[in-house]
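Trainee: I would like to learn how to read a structure, one feature at a time. Please show me the chain.

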Amino acid sequence: MSIRSIDPNFHVTGQIKPSQVDEIARLGYTTVICMRPDNEGFLQPSFTEVADAAQSAGLEAHYLPVVPGSMPLDQATQLKHLLSKQTGPILAYCASGQRCAAVYDLAKRTP
């Protein structure tokens, strides 16, 4: 897992596995956000699998799938809403973290 900081409370990474969620909680994250559609990649765990592991670890989990190459205005609006309610660090993931960073940037520019 290669985590990249976008700002002090928002970090991105590539696909996570349910077995990594306890480590994510130990690192201090309070929320995980999946921006990768289910079944996008070979052997990709479903959001439900990750969300179940997150719940067991005491983390919130949210599903904001972004199709590669799309203009994710709805997801940016939803992310902006989530960001306004969070009090701890967020780890967002997709295939590489790039979509997460792009949606975050769009959310920060959305009125």
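This is a predicted model: local features need pLDDT of at least 70, side-chain atom pairs count only at pLDDT 80 or more; totals for chains, interfaces and linings use all residues.

Trainee: How many helices and strands are in the chain?

Mentor: Helices (H or I, at least four residues) and strands (E, at least two) are DSSP runs, numbered from the N terminus. The chain has four helices and five strands. Their order from the N terminus is β-β-α-β-α-β-α-β-α.

Trainee: What radius of gyration does the chain have, and what would a compact globule have?

Mentor: The radius is taken over C-alpha atoms, and the globule rule is 2.2 Å times the number of residues to the power 0.38. For 111 residues a compact globule would have a radius near 13 Å, and the chain agrees, with 13 Å. The C-alpha trace spans about 35 × 30 × 20 Å along its principal axes.

Trainee: Which residues of the largest nonpolar core touch the most other members?

Mentor: A nonpolar core is a set of buried Ala, Val, Leu, Ile, Met, Phe, Trp, Tyr and Cys residues joined through side-chain atoms within 4.5 Å. Buried means under 20% relative accessible area, exposed over 50%, and partly exposed in between, with a 1.4 Å probe and protein chains only. The largest core has 17 residues, and Phe-10, Ile-33, Met-35, Leu-79 and Ala-92 touch the most other members. Strand 2 (10–13), helix 3 (73–85), strand 5 (90–93) and helix 4 (98–109) each supply at least two of its residues. Helix 4 gives the most, with five. A second, separate core has 14 residues, including Ile-16 and Val-21.

Trainee: With which residues is Ala-92 in contact, leaving aside neighbours within four places in sequence?

Mentor: Contact means heavy atoms within 4.5 Å. Ala-92 is in contact with Phe-10, His-11, Val-12, Thr-13, Ile-33, Met-35 and Cys-100.

Trainee: Is Gly-69 buried or exposed?

Mentor: Gly-69 counts as exposed because its relative accessibility is 88%. Gly-69 is found in the loop between strand 4 (60–63) and helix 3. Gly-69 and Gly-58 are eleven residues apart in sequence, yet 33 Å apart in space, C-alpha to C-alpha. Across the chain, buried residues make up 43% of the 111 residues.

Conventions. Residues are numbered from 1 along each chain as its sequence is written. Side-chain values use heavy atoms; hydrogens and water are left out.
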